[in-house]
Amino acid sequence: MEWNKEGLKAEVLGYENNHNINWSGLAFKCNLCNNEGHIAKNGGQIVKEYLISQEVNVTRFQTKRK
C-alpha cells in the first residue's frame, strides 16, 4: 500500500491546536488505497495510527462525528 505519508505528516504538523480534523478525509486526500486500488474503508484509522507512530500529538486536534 503506497500513499503520501510525508505529505500527510507535513500538512498535519502545520495545523494549529484545536484544528477540526477529518481522518477519513485526510486518507482520501493522501490517496490511501487498499491492495485493489480502492480508497481504504479504514483509511482514517490508518492515517491516525501512522501519525501516532511518527510521534505526532493527535490529541491536540478536534474531531466532529456525524
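The following dialogue examines how terms are applied to a predicted model.

Modeller: In this predicted model, local features need pLDDT of at least 70 and side-chain atom pairs count only at pLDDT 80 or more, while totals for chains, interfaces and linings use all residues. Residues are numbered from 1 along each chain as its sequence is written, and side-chain values use heavy atoms, with hydrogens and water left out.

Biologist: What makes the pattern of the protein α-α-α?

Modeller: Helices are DSSP runs of H or I with at least four residues, and strands are runs of E with at least two, numbered from the N terminus. The protein has three helices and zero strands, and along the sequence this reads α-α-α.

Biologist: Why is the protein called as compact as a globular protein of that length?

Modeller: The radius of gyration is taken over C-alpha atoms, and the globule rule is 2.2 Å times the number of residues to the power 0.38. The radius of gyration is 11 Å, close to the 11 Å that the rule gives for 66 residues, so the protein is as compact as a globular protein of that length.

Biologist: What makes a set of residues a nonpolar core?

Modeller: The set consists of buried Ala, Val, Leu, Ile, Met, Phe, Trp, Tyr and Cys residues joined through side-chain atoms within 4.5 Å; buried means under 20% relative accessible area, exposed over 50%, and partly exposed in between (1.4 Å probe, protein chains only). The largest such core has 17 residues, and L8, V12, W23, L26, V47 and L51 have the most contacts inside it. At least two of its residues come from each of α1 (5-13), α2 (23-29) and α3 (43-53).

Biologist: Which residues is L8 in contact with, leaving aside its neighbours within four places in sequence?

Modeller: Contact means heavy atoms within 4.5 Å. L8 is in contact with W3, L26, C30, V47, Y50 and L51.

Biologist: How do you know whether G37 counts as buried or exposed?

Modeller: G37 has 51% relative accessibility and therefore counts as exposed. Its place is the loop between α2 and α3.

Biologist: What is the phi of N18, and where is N18 found?

Modeller: Phi of N18 is near 70°, a positive value in a residue other than glycine, and N18 is found in the loop between α1 and α2. Most residues other than glycine have a negative phi. At 53% relative accessibility, N18 counts as exposed.

Biologist: What is the phi of E55?

Modeller: E55, not a glycine, has a positive phi of about 65°. E55 lies in the segment after α3 and is exposed, because its relative accessible area is 75%.
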